[in-house]
Amino acid sequence: MASESVLSRLEAEFDAPPASIRAVVSLLEEGAPPQFISRFRRDETGDLGEERVSAIEERWHFLQDLETRKEAIVAQAEQSGAVTDDLRATLASTFDQDLLDDIYQSFRPRRRTAGMQAEEKGVGPLALAIHHRSLGDRTLQEVAAEYVSEERGLPSAEAVLEAAVYVLAERYA
């Protein structure tokens with residue numbers, strides 16, 4: 001059954017009696033195609049034409065997808081513990097796909113790239129020193145040796161330099 005917000009939105013968007021729109025949506029939910037509805041259910045739908053019924057069907061599918069998207073956003077926000085009354089009110093009142101995408105992006109888990117993982121290991125300052133060419137009189141191997149640590153997953157100077165390259169590549173990209 002279509003939610004009340006979807007039905008009220010359809011009623012607001014289409015210049016047709018609310019009873020006709022509700023009848024069309026009900027028939028669509030039962031699986032009736034727009035051609036059938038417009039030809040054989042004229043008395044129920046207020047004699048809406050095939051184009052009109054098709055437009056209602058298209059918009060109904062879009063609004064149903066938006067409702068599903070809203071539910072996914074609330075579920076994602078609940079997982080991160082960021083559900084607020086303001087968020088719920090915004091989701092209830094919006095029918096803008098772009099706004100929903102923006103809200104979803106704020107709750108979407110981020111992908112951890114190789115550069116991010118290298119920065120978590122503490123190679124960020126070395127990457128900055130390489131970028132700014134501020135190694136001083138020491139060689140790259142000598143500076144990288146200071147970052148070698150088995151606990152952080154950097155067993156050799158080569159591994160440290162490889163991690164620094166990931167950080168730099170991500171920044172340059």
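Mentor: Let's start with touching: a contact means heavy atoms within 4.5 Å. One caveat is that this is a predicted model, where local features need pLDDT of at least 70 and side-chain atom pairs count only at pLDDT 80 or more, while totals for chains, interfaces and linings use all residues. As for bookkeeping, residues are numbered from 1 along each chain as its sequence is written, and side-chain values use heavy atoms, with hydrogens and water left out.

Trainee: Then which residues does Ile21 touch, leaving out those up to four places away in sequence?

Mentor: Leu10, Glu11, Phe14, Ala16 and Ile56.

Trainee: How many helices and strands does the protein have?

Mentor: It has 11 helices and zero strands. Those are DSSP runs, numbered from the N terminus: helices are H or I with at least four residues, strands are E with at least two. Read in order, the pattern is α-α-α-α-α-α-α-α-α-α-α.

Trainee: What makes the protein more spread out than a compact globule?

Mentor: Its radius of gyration is 28 Å, well over the 16 Å that the globule rule gives for 173 residues, so the protein is more spread out than a compact globule. The radius is taken over C-alpha atoms, and the rule is 2.2 Å times the number of residues to the power 0.38. The C-alpha trace spans about 90 × 30 × 25 Å along its principal axes.

Trainee: Why does Ser20 count as buried?

Mentor: Buried means under 20% relative accessible area, exposed means over 50%, and partly exposed is in between (1.4 Å probe, protein chains only). Ser20 has 5% relative accessibility, so it counts as buried. This serine is found in helix H2 and touches Glu44, Thr45, Gly46 and Leu48, not counting residues up to four places away in sequence. Over the protein, 34% of the 173 residues count as buried.

Trainee: What makes a set of residues a nonpolar core?

Mentor: The members must be buried Ala, Val, Leu, Ile, Met, Phe, Trp, Tyr or Cys residues, joined through side-chain atoms within 4.5 Å. The largest one here has 28 residues, of which Leu10, Ile21, Val24, Val25, Ile37, Trp60 and Leu91 touch the most other members. Helix H1 (4-13), helix H2 (18-29), helix H5 (50-80), helix H6 (85-93) and helix H7 (97-107) each supply at least two residues of this core. H5 gives the largest share, eight residues. There's also a second, separate core of 17 residues, including Val123, Leu135, Leu154 and Ala164.

Trainee: How do you know that Ile103 is buried?

Mentor: Its relative accessible area is 11%, which falls in the buried range, so the label holds. Ile103 lies in helix H7 and touches Ile73, Leu87, Thr90 and Leu91, not counting residues up to four places away in sequence. Take Leu91: it sits 12 residues away along the chain, with the two C-alpha atoms separated by 9.0 Å.

Trainee: Which residues of helix H9 are buried, and what covers them?

Mentor: In H9 (residues 124-132) they are Gly124, Leu126, Ala127 and Ala129. Their cover includes helix H8 (114-120), H10 and H11.
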